[in-house]
Amino acid sequence: MTQSDTRADDIRSMQDEPVLTGVLADQSEVLLDEHDRSGAPGVPGGPGDEVWEERESRNALKHVAGLGELQDVTEVEYRKVRLERVVLVGVWSSAVTTASAAEESLRELAALAETAGAVVCDGLLQHRLRPDAATYVGSGKAKEIADVVAREEADTIIVDDDLPPSQRRALEDATKVKVVDRTAVILDIFAQHATSREGKAQVELAQLEYMLPRLRGWGGSLSRQAGGRAAGADAGIGSRGPGETKIEMDRRVIRTRIARLRKQIREMAPAREVKRGSRRRYELPTVAVVGYTNAGKSSLTNRLTGSAELVENALFATLDTAVRRARAKDGRLYAYVDTVGFVRRLPTQLVEAFKSTLEEVAEADLIVHVVDGSHPDPFSQIDAVNDVLADIDGAADIPRILVFNKADRIDGVTRERLAALEPDAHIVSAFTGEGIDALRERVESMLPVPHVHVRALLPYTAGALVSRIREYGHVIEVEYRDDGMMVEAEVGSRLAAQVMEQSIDE
């Protein structure tokens, strides 16, 4: 007998009692006061109409179309010998969101699960006023989900929410399979994609901070290292002492590791400052490319700079900041910074852990906000990115350019709608090159102009200095004379000091 058959038998054994359907499916949830009963169906406009409608709709789990169907998984970046089979579960309330938005959120969770290396078997949505305090979906629906898990031979349930430990344990006990939440999936993807030493340290820090309040033990792992006679005959010499539970030891080890990781990340700060210092030395303008995950930031950066940064049709393919130089039409150099993608309800642990990476955004002179124009609801992605940017000190005052990418996948009606709602935005395609030239011109026109005007006679031996003026400043005129080069330009303060130091008195 296989493991899945055993699990199915366990679940069927739990369902010997018939499950009532309809409004009275869960007796604990129908103890309404007289005020609610006065608004029962049939009394239009009654104060309890909304409550009764919600109680009726929660009894029918909605299967989200398109999830669980066999699809080509060749683009799943991380494969296993046997991909983990998962069932997605979400709860939505009409007071907070809409049915279409809830479905879209579950589809995004499916993309996250596939990127993490799983096969999505089914997606279920429940409409209720608020998640059940015990099992998130209610005891009756937990049994129905257990039936779906057994039928699909799934290994894991992924909940489209941030579950507290108590709800996760209760849902695991009811369904007999592992339960993880949205945050755990995102952290797992980050752990797979991190490549640099700093990126790995940041991800590990976020994972440990997430894990610390969610530790749990089973059976003997919760027993004490007992003191005195409580150790018993089997424990023997060496086991007696003040006593400490296994879970307490785990927490102590995790706290120690967290402190060590935070120290390591702080020690990496000088290296980042050295890299930024080379750009600050000549006041090199910086453009931060930000946006929702998988919006095409790396592809667009490659188009604008001619570089070959990693490009994957996967969520969070870029975790380590990449800086690429570009040259404007007037010869000036500037840099593009490809940053980590954002996502709805980005875990707080990740925002804290990646603050050092997000510092690049705060240091930028211009922000290019890339949006997937082919997404069904691109404006929800814009709001999600703006929420994260609002948490970065200094980012609110930086000029921004909105860019709708993937124009090759946008139909005419959608293009007109985007142009009407965001007339100043650029519609481009990093794949075909459409609109790239106009975007590049817009970016270069918004770069900060050096603020120091210099006019100096330089010797012909100062050719390297003139080259730096052309690269990091704006040259107005260069006159080649018998006694030297008369240079008039707009440069930064540091470069201006070097010009005056090497100038020849006329």
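UniProt positions are given in the numbering used here, and such annotations may be inferred rather than shown by experiment. Keep that in mind as we tour this predicted model.

**First stop: the annotated site.** Select S298 and T318, where an unreviewed UniProt entry places the feature "binding site". Stay with S298 for a moment and look at the helix around it: this is α12, residues 297-305. Is S298 buried or exposed? Its relative accessibility is 9%, and buried means under 20%, so S298 counts as buried.

**Second stop: the largest nonpolar core.** Now select L88, I158, V290 and V361. Within this core of 44 residues, these four touch the most other members. To see where the core draws its residues from, colour β2 (84-92), β3 (118-127) and β6 (286-291), then helices such as α4 (99-115) and α14 (355-363); these are among the elements that each supply at least two residues. Next, colour domain 1 (86-191) and domain 2 (283-446). Both give residues to the core, so it lies between them.

Show the strands and follow the order β7-β8-β6-β9-β10-β11, an open sheet of 6 strands with mixed pairing. At its edges are β7 (322-327) and β11 (426-427), each pairing on one side only. Zoom in on β10 (residues 400-405), which runs parallel to β11 and is joined to it by 2 bridges. Finish by selecting V403 and H426: the latter, in β11, is the bridge partner of V403.

Notes: Residues numbered from 1 in each chain as written. Predicted model: local features only at pLDDT ≥ 70, side-chain atom pairs only at ≥ 80, totals over all residues. Heavy atoms only, no water. Core = buried A, V, L, I, M, F, W, Y, C linked by side-chain atoms within 4.5 Å. Buried < 20%, exposed > 50% of the residue type's maximum accessible area, 1.4 Å probe, protein only. Helix = DSSP H or I, 4+ residues; strand = E, 2+ residues; numbered from the N terminus. Domains from an automatic or database assignment. Pairing = 2+ DSSP bridges.
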